[in-house]
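Colleague: Could we go through this model together, with the cut-offs behind each term spelled out as we go?

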Amino acid sequence: MKRLLAEWEEQKFIQLVFPHKDTDWEEYLDEAIETFVNIAKTISKYQKCLIVAKNLKYIKSLFDNHRFKRNLIFTRIDSNDTWSRDFGGITIEENNKLTLLNFKFNGWGKKYPYTLDNKITQQLKLKGLLKDYKHKNINLVLEGGSIDVNTQGVLLTTIKCLMEKNRNPLLNKRTIEKNLIELFGIKKILWLNSGALSGDDTDSHIDTLARFVSDDTIVYQSCNNKNNPDYNELKKMEEELKTFADIYGKKYKLIPLPNIDPIYEENEQLPATYANFLIINGALLVPTYNIASDNIALDIFKKLFPKRDIIGIDCSILIKQHGSLHCVTMQYY
C-alpha cells in the first residue's frame with residue numbers, strides 16, 4: 001500500500017532554506033533573514049528544523065543563545081532561492097516504509113533560475129541528512145505547493161498549475177492524473193478550475209487557495225470585497241468547492257478564511273493569504289500581515305485545532321517575494 005501523508009500527521013523535521021545576498025531577497029535581506037529566524041525558532045520549540053544556508057557561519061551565529069538550539073540541524077548548500085515547499089522532497093509511505101520522491105523543479109515553468117534548488121534534495125542525501133528514507137528520482141515537474149492531501153487519499157490541486165505549458169508540456173490531464181494516482185496512491189483528485197491571487201507567480205498553487213485541515217473539512221481564502229481584483233476568481237473557486245465530495249460522496253465542510261483587502265508594494269498587489277499556514281507537531285503556524293483580520297484568522301484556527309498551539313508568524317516580508325509561510329517550509333516524516 002502506498003500513500004501520501006497528510007500534513008497533520010507526526011513529522012520528523014521541517015526544512016528551511018535561508019536567504020542570502022545572491023537571491024531575490026537582497027533588497028531587504030536583513031528583514032527576510034529575521035523572518036526565517038523567527039520561523040526556525042518557533043518550529044524548534046516543537047520539533048527538529050533543518051536549516052540549509054549558503055552563508056552558514058553567519059546564520060548559525062543568529063541562534064547562539066536559542067533555548068532550543070538542540071533541535072536545529074545546520075548544513076551548507078548553495079541555492080537560487082528559498083522556496084523549500086516546491087523543491088523539497090515529498091514523503092510517501094509505502095509498505096510501512098518512508099520514501100522521498102525527488103521531483104524535477106524548473107522554477108515554476110522556467111520563470112526564474114532553478115538549477116541549484118533542483119539539486120538540494122540530492123545534496124542533502126549525499127550529506128547523509130536523509131539517510132532514513134528510501135529515495136526515488138521522478139521524471140516529472142511537480143511542486144509541493146501545488147498539491148494538498150488528506151488521509152483518505154483525496155488530493156486537491158489546480159488545473160492552472162499542473163496543466164501549465166512549461167511544466168510538463170507533453171502530458172495531458174489524463175496522464176498527469178495517472179502519475180498522481182500511481183506515485184501517491186491517490187484515490188480521488190479534486191481539480192479546481194478557478195482560484196487565483198494577484199502577485200502569485202506559481203500559476204495558482206493550491207496552498208495559497210484551499211487546504212484540508214481534516215479528512216472532511218477544507219479551509220479556503222475568501223474574498224468579500226468586490227473592489228479586490230481577485231474577487232471574481234475567489235468567488236468562482238468558492239462555488240466549485242461547494243460541489244466537491246469525498247470518496248463516499250459526502251460534501252466537505254467548508255470554512256472561509258477572512259477577507260484580506262489588497263496589500264501593495266510599489267503599485268503591485270501582493271499575494272497575501274491565510275491558506276498558507278503550516279501544521280507542525282503540537283502547533284499550527286499562521287501567516288499574518290499586520291492587519292485587522294489577522295486575529296479573526298487566528299481565532300478560526302484555534303477552533304479548528306483545539307489541541308494545537310496557534311501561533312501567528314509575521315509574513316509581511318515573505319509576500320514581497322510572492323510567497324508566504326507554507327511556501328518556505330517543507331515537512332519530512
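Modeller: Buried means under 20% relative accessible area, exposed over 50%, and partly exposed in between, with a 1.4 Å probe and protein chains only. This is a predicted model, in which local features need pLDDT of at least 70 and side-chain atom pairs count only at pLDDT 80 or more, while totals for chains, interfaces and linings use all residues. Residues are numbered from 1 along each chain as its sequence is written, and side-chain values use heavy atoms, with hydrogens and water left out.

Colleague: How far apart are the end C-alpha atoms of helix H1?

Modeller: Helices (H or I, at least four residues) and strands (E, at least two) are DSSP runs, numbered from the N terminus. Among the buried residues of H1 are Leu29, Phe36 and Ile43. The expected span of a helix is 1.5 Å times one less than its number of residues. For the 16 residues of H1 (residues 29–44) this gives 22 Å, and the value found between the end C-alpha atoms agrees, being 22 Å.

Colleague: Which residue in S6 is the bridge partner of Ile90?

Modeller: Two strands pair if DSSP finds at least two bridges between them, and strand S5 (residues 90–94) pairs with strand S6 (residues 97–104) in the antiparallel sense over 5 bridges. The two strands form a hairpin with 2 residues between them, and Asn95 in the turn has a positive phi of about 55 degrees. In S6, the partner of Ile90 is Leu101.

Colleague: Is Lys110 buried or exposed?

Modeller: Lys110 lies in helix H4 (residues 107–110), and its phi is near 65 degrees, a positive value in a residue other than glycine. With a relative accessible area of 58%, Lys110 is exposed.
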